[in-house]
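Please consult the sequence and structure shown below alongside the text.

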Amino acid sequence: MKWWLPLIFSFFIVTTNAQRPKIGLTLSGGGAKGLAHIGILKAIDSAGLKIDYITGTSVGAIFGGLYAIGYSGDTLEKMVRQVDWDLLLSNQSTLRSLFMEEKNEYNKYVVELPWINNRFRLPTGLLEGQELWMNLAELCYPVYDKKDFSQFNIPFKCIGTEVGNGNAFVMDKGEVVSAIRSSMAIPSIFTAVDFEGKRLVDGGIVRNFPVWDVKAMGADLVIGSNVATGLLPSDQVRNVWQVLLQVAFFREAEDNRKEVPLCNIYIPHKLEKYTMGSFNQSHEILKLGIEEGRRLYPVFKHLADSLDSIYGKTDYVKSRVPPTKPACITGYEVKGTEQTTEEFFLHTMNFELNRSYTALALMLSPRLSVTRLRELRIKKSLEVILAITPIPVKRL
């Protein structure tokens, strides 16, 4: 640990005593290696250090976004320890979300291609990630009605890359689930995502460590957690996936050199023995991140205590997830169906009027299968039309 860091923070705080300095947090992309970010979040929580702004790319967008919504580092750790990575990073849905007649076809084929307009269509990536979509939707439900990410418990931005021109696209408004999924759409592996009129892939191609963005939001001090280990030496590029990833992230290496000097606390995780796809070693990576967080805890604690002593103690709460209420469905409108009837669709959805539902109940309903919705050729606009607004439920 660099002993002079606390001295720099103390000097900074004393010389900017007009108002409490804003703390920014940036989490890089890096696939499975991004699990190490959780250890830093746990240390920040333990130190009682209030984060004012968050930016992230790819896996950094996932954990940064969930932390911005209100999930604590401890909660995120518990989540990832229970994840079935093989299922999450596949094109399958859980058996619980399938009809009985669908279960015979479950995981039966090595390759599945969509049949659209009387021909097969090649996807923009190997993985659609149906289960990933579902899990993100469930976790982000507490902020389903917030389309401006600055209204989250902690203002948040994430980065994607426009397919059309290769430029970085900063996402701070819209559907947060789509934004996060866009930011992590590694080319050739995950399918591209249409977001706010743009077709996007992984932001790590151009801005894997978006420190500049968190400073633009107003951060005076920046904590940067970087799990990217740079490009592989040419003699270690041995398969087609490594070649694709190497080419995709050429520009990221150059941007990284510009972003690192903007950090006040820069955390370069030593994860050279792991790759983006090392999810089978998730517990090892998580452990290394927690150890790094413990090493940096004194620095975070000193900064938090210094700020509190000068500007007054903040009301710090680890778990900040907004409370959610059951939703009562009082009416419906169906638009976007192409090859089915409204009646059959409603039967499939199994909604009952004047009945209250929780988000979990909707997610667990076997009739709300993502597979089934795709078979019915439901347009994406339907998601918005059928959005359910929580309203007070009168008890008789």
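E196 is exposed, with a relative accessible area of 55%; exposed denotes over 50% relative accessible area, buried under 20%, and partly exposed the range in between, with a 1.4 Å probe and protein chains only. The model is predicted: local features need pLDDT of at least 70, side-chain atom pairs count only at pLDDT 80 or more, and totals for chains, interfaces and linings use all residues. Residues are numbered from 1 along each chain as its sequence is written, and side-chain values use heavy atoms, with hydrogens and water left out.

Helices (H or I, at least four residues) and strands (E, at least two) are DSSP runs numbered from the N terminus. Two strands are said to pair if DSSP finds at least two bridges between them.

**Positive phi values**

- E196 lies in the loop between β9 (193–195) and β10, and its phi is near 50°, a positive value in a residue other than glycine.
- S58 is likewise not a glycine and has a positive phi of about 55°.
- The position of S58 is in the loop between β2 and α3 (59–69), where S58 is buried with a relative accessible area of 5%.
- In the hairpin of β6 and β7, with 5 residues between the strands, G166 adopts a positive phi near 75°.

**Strand β6 and its partners**

- Of the 7 residues in strand β6 (residues 156–162), 6 are buried, so the strand is mostly covered.
- Strand β2 (residues 53–57) pairs with β6 in the parallel sense over 4 bridges, and K157 in β6 is the bridge partner of T55.
- Strand β7 (residues 168–171) pairs with β6 in the antiparallel sense over 4 bridges; here G160 stands opposite F169.
- Strand β10 (residues 198–202) and β6 pair in the antiparallel sense over 3 bridges, with G160 opposite D202 in β10.

- Strand β11 (residues 221–226) is mostly covered, 6 of its 6 residues being buried.
- In a regular strand, side chains alternate between the two faces of the sheet.
- Both faces of β11 are covered: L221, I223 and S225 are buried on one side, and V222, G224 and N226 are buried on the other.
- Strand β1 (residues 23–27) and β11 pair in the parallel sense over 5 bridges, and G24 stands opposite V222 in β11.
- β11 and strand β12 (residues 265–268) run parallel and are joined by 4 bridges; I265 in β12 is the bridge partner of I223.
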